[in-house]
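Morning, everyone. I have one structure to show today, and I will begin with a single residue before turning to the whole chain.

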Amino acid sequence: MLKELKNLCVHYHIDGRLLTYRPEKSKKQLLSKWVIENALNNGELKKGQAVAEITAGNFGVALAEQCRKINSHLYLVPLGVFPPHIIEKLNSFDNVTIINAKQNRNISSLKQTLEQVIKNTHAYSFRQFGNNRQINFYKDLLKSVLSDVKIDAVFEKVGTGATLQSIKEILDDSQNRTEYYIAKSLPLQIETAHLILSLDGIKQVHPADRLEYNKFEDILIKTENLYHLDYAKLSLYCAIEWLKQNPKKTAFVFIGD
């Protein structure tokens with residue numbers, strides 16, 4: 001993976017260092033393990049009890065792994081439409097049921113569907129869209145990584161916003177003068193209801209040139225391993241575009257799904 005990222009930087013004529021942090025699993029796997037273990041320890045969840053969650057995909061796959069370990073059925077409410085590789089992964093589990101909301105991109109509709117599933121199945125839910133506890137989880141995970149690094153800009157694809165908020169709080173506490181960006185596919189305003197974090201001090205960016213972004217996606221597809229980075233793809237593209245306009249500066253993108 002590191003070699004491929006370096007090749008990508010060479011392709012775009014970007015000079016600099018690639019700083020890496022490699023926990024034993026992806027951030028979604030680490031979060032899901034923490035969520036389930038905490039719920040078991042606090043008595044919020046019993047082994048064999050159903051679990052329900054809204055997810056864009058990766059957190060759902062990670063939760064499925066954890067639920068299988070405790071013989072729990074998992075009900076997933078998709079945010080949007082799951083991409084093919086996520087469906088393939090979920091189909092490999094015999095403990096997962098997908099429940100579609102009437103409006104699969106409307107956060108209110110998704111939450112109503114989730115609450116109905118919880119009521120019908122007596123499921124436990126972390127309710128990740130709105131649960132601030134994951135911010136502290138990511139702060140604990142990333143604090144040591146960011147302690148001695150000067151960062152001029154941070155990019156994160158729109159999601160719960162928990163990773164971006166945790167990075168923002170860490171860097172703000174260290175008095176770093178950092179710009180923060182949410183990367184999104186279209187030039188549409190993001191409703192605060194979709195996110196955990198406040199949008200104060202957060203800029204929104206998107207690929208201004210769709211043709212150029214398509215070329216970028218082609219490069220990722222031809223580059224081994226990188227085409228799997230669906231969650232980070234927009235963030236990575238916007239960071240590269242920013243670096244081209246801001247030479248000698250440092251951008252941070254959390255690549256791990």
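Start with Thr55. Its relative accessibility is 1%, and buried means under 20%, so Thr55 counts as buried. Please keep in mind that this is a predicted model.

Where does Thr55 sit in the fold? It is found in strand β1, which covers residues 51–55.

Now, what does Thr55 touch? Leaving aside neighbours within four places in sequence, the contacts of Thr55 are Gly60, Leu76, Val77, Pro78, Leu79, Phe82 and Gln128.

Now the chain around it.

The protein chain has 9 helices and 7 strands. Along the principal axes, the C-alpha atoms fill a box of roughly 55 × 40 × 35 Å.

How much of the chain is buried? Of the 257 residues, 48% are. As for contacts with a separation of 6 or more, 65% of them join residues 24 or more positions apart.

Last, the surface and the charges. The accessible surface comes to about 13800 Å², and carbon and sulfur atoms account for 48% of that. There are 34 positive and 28 negative side chains, and the centres of these two sets are 2 Å apart.

That is all from me.

Notes:
Residues are numbered from 1 along each chain as its sequence is written. This is a predicted model: local features need pLDDT of at least 70, side-chain atom pairs count only at pLDDT 80 or more; totals for chains, interfaces and linings use all residues. Side-chain values use heavy atoms; hydrogens and water are left out. Helices (H or I, at least four residues) and strands (E, at least two) are DSSP runs, numbered from the N terminus. Buried means under 20% relative accessible area, exposed over 50%, partly exposed in between (1.4 Å probe, protein chains only). Contact means heavy atoms within 4.5 Å. Accessible areas come from the Shrake-Rupley method with a 1.4 Å probe; for residues, only the protein chains shown count as cover. Lys and Arg count as positive and Asp and Glu as negative; His and the chain ends are not counted. The place of a charge is taken as NZ of Lys, CZ of Arg, CG of Asp or CD of Glu.
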